[in-house]
Amino acid sequence: MATTLFHLSDIHFGLEDNKALDWVKQEIAEKRPQAVAITGDLTMRARHREYNAACNWISSLDVPVTVGIGNHDMPYFNLIERFVAPYRRFQNIEGLIEREIDLPEIAIVPLKTAVRAQPRFNWSKGWVSRSALKKCLAAIDALPKGTKALVAVHHPLREVGTRGTALTYRGYKALCELAQRPVIAVLSGHVHDPFDIVEETEHGPVRMVGAGTLSLRLRSTPPSFNELTWDGTALTVRARNLDEVPTKAMQIEDVPENALPPREPGEPVAPVNQVPRTDPPVH
């Protein structure tokens, strides 16, 4: 029997698209996917009311859910909370945060890419810490024999641009490790446009699947989510949207170097590290 999963991302409560959310919720109720993976950026500005709205909406979904943390979900205005207890405002869904979901023959395994701080100016970009990668790999290695993994991250693991401004630091290292394991694909968000590409590494190819946004912060495609179907051999990806744009037309061909949509008027810039790094990070 085929396994159906829904992959949602970048809902951005505070600037959410309520029409799209009502539609997705109805689709979940009717289609009853075996699980829903939400790959981060549940809030817009990490305000209490946005967290509450996100938690209430997610709690109303009567299916197994795993929730990743995005850069927009780290407290913007309370730096003490950002460093001491960054997930405190998600306490109502605490058990869903970075939760592994085990299904017959397939598992969703989280890999955290949003960090509290990093030694470069733009803290909105992805960072794969050694401890996060170690935890993810250990979880994959512990899966029953024959079980395949879908790895859920917020930031695409593709690194572009110069080393110092790469989207996701140590992303290539993570891809090399995942290429050596039974990983079907890496699910991500952040870009606000869906994609389905293959990244070549020195240890083999890794499929990268990105979901669009369910917010009003659009880039080049309408609000959407991914419907994934695993038949035991192949993973089929459909970029579902209310405008009925075909999947191939929805999916961008590559991860853009500037993966963020334009800022809304009054939208704060993510906190930045005030101490510049003189030497670019190396792989």
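Cys 176 is buried, at 6% relative accessibility, where buried means under 20% relative accessible area, exposed over 50%, and partly exposed in between (1.4 Å probe, protein chains only). This is a predicted model, in which local features need pLDDT of at least 70, side-chain atom pairs count only at pLDDT 80 or more, and totals for chains, interfaces and linings use all residues. Residues are numbered from 1 along each chain as its sequence is written, and side-chain values use heavy atoms, with hydrogens and water left out.

**Cysteines**

- Cys 55 is also buried, with a relative accessibility of 1%.
- The whole structure has zero disulfides, a disulfide being a pair of cysteine sulfur atoms within 2.5 Å.

**Nonpolar cores**

- The largest nonpolar core holds 32 residues; such a core is a set of buried Ala, Val, Leu, Ile, Met, Phe, Trp, Tyr and Cys residues joined through side-chain atoms within 4.5 Å.
- Leu 8, Ile 38, Trp 57, Ile 58, Val 65, Val 67 and Phe 90 have the most contacts inside this core.
- Two or more residues of this core come from each of strand S1 (3-8), helix H1 (18-31), strand S2 (35-39), helix H2 (48-59) and strand S3 (65-68); helices (H or I, at least four residues) and strands (E, at least two) are DSSP runs, numbered from the N terminus.
- Val 65 is in contact with Val 36, Ile 38, Ile 58, Leu 96, Arg 99 and Ile 101, leaving aside residues up to four places away in sequence; contact means heavy atoms within 4.5 Å.
- In soluble globular proteins, nonpolar side chains tend to be buried together.

**Thr 213**

- Thr 213 sits in the loop between strand S11 (204-212) and strand S12 (224-230), and is buried at a relative accessible area of 0%.
- Ala 20 is 193 residues from Thr 213 in sequence, with 9.6 Å between the two C-alpha atoms.
- Not counting residues up to four places away in sequence, Thr 213 touches Ser 9, Asp 10, His 12, His 192, Leu 218, Pro 223 and Ser 224.
- A polar atom of the Thr 213 side chain lies 2.6 Å from the backbone oxygen of Asp 10.
- The side chains of Thr 213 and Ser 215 make a polar contact at 2.7 Å; a polar contact is a pair of N or O atoms within 3.5 Å, where within protein one must be able to donate a hydrogen and the other to accept it, and residues adjacent in sequence count only if both atoms are side-chain atoms.

**Asn 241**

- Asn 241 belongs to strand S13 (residues 235-241) and is buried, with 7% relative accessibility.
- Beyond its neighbours within four places in sequence, Asn 241 is in contact with Trp 23, Pro 222, Pro 223, Ser 224 and Met 250.
- Asn 241 and Pro 223 are 18 residues apart in sequence, and their C-alpha atoms are 6.2 Å apart.
- The Asn 241 side chain reaches the backbone oxygen of Ala 239 at 3.2 Å and the backbone nitrogen of Asp 243 at 3.2 Å.

**Positive phi**

- Most residues other than glycine have a negative phi.
- Glu 98, in the loop between helix H3 (79-84) and strand S4 (101-103), has a positive phi, near 50°.
- Arg 170 has a positive phi, near 65°, and lies in the loop between strand S8 (168-169) and helix H5 (171-179).
- Arg 170 counts as buried, at 12% relative accessibility.
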